[in-house]
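Good morning, and thank you for coming. I would ask you to look at the model on the screen while I go through its main features.

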Amino acid sequence: MHFTCSQCRHQFCSGCNNPFHTSQSQCSVQQCSVTGLHAHHPRDCFFYLRDWDPTRLQILLQNNNVEFNTEPPPGSQAGQCGVMEQKEEGARLLDAPCGAQSQRGQAGLCEKHYREYLVSLINGHALDPAPLYDTQELLVACGRYHLDHARGEAEDDAAYHSRLLRKLMTEVPLGDTVPRKK
C-alpha cells in the first residue's frame with residue numbers, strides 16, 4: 001500500500017494514489033494534526049476496505065448491481081491463487097504466482113487477492129462504502145473529516161445514523177483520487 005517510486009522517491013498509496021507525507025509541514029490538508037508518516041485516504045481506498053470481509057464487499061457490489069466473479073477461470077489451478085507477484089529470492093526479484101490457498105466462492109483467488117479484486121470493482125464503479133457503515137464507523141469517519149457528529153436532542157438511533165450518513169456523503173464526496181473508469 002505504501003509505495004516509493006524507485007526513480008524520484010515519491011511516496012504514495014497504491015490504493016488511492018494520494019501522497020504520503022513524512023511531516024506535518026509537508027501535508028497540505030488543513031486541520032491535519034499528524035506529525036509522522038501518513039496519507040489522507042478517501043473512504044473507498046483499499047487502505048480502509050482491506051479490513052472488510054469479502055461478504056461485506058460483495059454486498060456493497062450487489063446493492064449497486066455490479067457483477068463480480070465467484071468461480072475460478074477455466075484452466076486455473078484448483079486450490080491455489082495464481083495472481084502473479086514479485087517475490088524476493090536472495091538479491092533477485094522473481095515473478096511467481098501467489099500460491100496461497102484459494103477459497104471456495106472467491107474466483108480461485110486467496111482472500112487477500114479476492115479483496116483487492118472486489119475493491120477494484122468498487123473503485124471502478126465509484127461506489128461509496130458509507131451506506132454499509134454502522135454507527136461507530138460513521139462516527140470515526142465523521143471525526144476523520146472533522147464533521148460535527150453531535151447527537152441531536154431526543155434523536156433516536158436510526159435518525160442519528162441516517163443524519164450522519166447523509167452529512168458524510170454530502171459534505172465529503174469521494175473525489176477523483178482513486179483510479180476509476182472514466
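Strand E3, residues 84-89, and strand E4, residues 92-97, run antiparallel and are joined by 6 bridges. Please bear in mind throughout that this is a predicted model. As an example of the pairing, Glu 85 has Ala 96 in E4 as its bridge partner. The two strands, E3 and E4, form a hairpin with 2 residues between them. In that turn, Gly 90 has a positive phi of about 70 degrees.

Taken along the principal axes, the box filled by the C-alpha atoms is roughly 60 × 40 × 30 Å.

I turn next to a pair of helices. Helix H4 covers residues 135-144 and helix H5 covers residues 157-171; they pack at an angle of about 35 degrees, with their axes 10 Å apart. The crossing of H4 past H5 is left-handed. Which residues make the contact? On the H4 side they are Thr 135, Leu 138, Leu 139, Ala 141 and Cys 142. H5 contributes Tyr 160, His 161, Leu 164, Leu 165 and Leu 168. By class, the residues of this contact between H4 and H5 comprise 8 nonpolar and 2 polar, with no charged residue.

My last topic is the largest pocket, whose volume is about 550 Å³. Its lining consists of 23 residues. Which of them lie nearest the centre of the pocket? These are Val 29, His 40, His 41, Arg 144 and Tyr 145. As for its composition, the lining of the largest pocket has 10 nonpolar, 10 polar and 3 charged residues.

Thank you for your attention.

How values were computed. Residues are numbered from 1 along each chain as its sequence is written. This is a predicted model: local features need pLDDT of at least 70, side-chain atom pairs count only at pLDDT 80 or more; totals for chains, interfaces and linings use all residues. Side-chain values use heavy atoms; hydrogens and water are left out. On a 1 Å grid over the protein atoms alone, a cavity is a set of points where a 1.4 Å probe fits but cannot get out, and a pocket is an open set with protein on both sides within 12 Å along at least five of seven lines; lining residues have an atom within 4 Å of a point. Grid points are joined across faces, edges and corners, and a volume is the space filled by probe spheres set on the points. Ala, Val, Leu, Ile, Met, Phe, Trp, Tyr, Cys and Pro count as nonpolar, Asp, Glu, Lys and Arg as charged, and the others, Gly among them, as polar. Axes are lines fitted to C-alpha atoms, for helices over the stretch in contact, and angles run from 0 to 180 degrees between N-to-C directions. Helices (H or I, at least four residues) and strands (E, at least two) are DSSP runs, numbered from the N terminus. A crossing is left-handed if the near helix is turned anticlockwise from the far one by less than a right angle, and right-handed if clockwise. Contact means heavy atoms within 4.5 Å. Two strands pair if DSSP finds at least two bridges between them.
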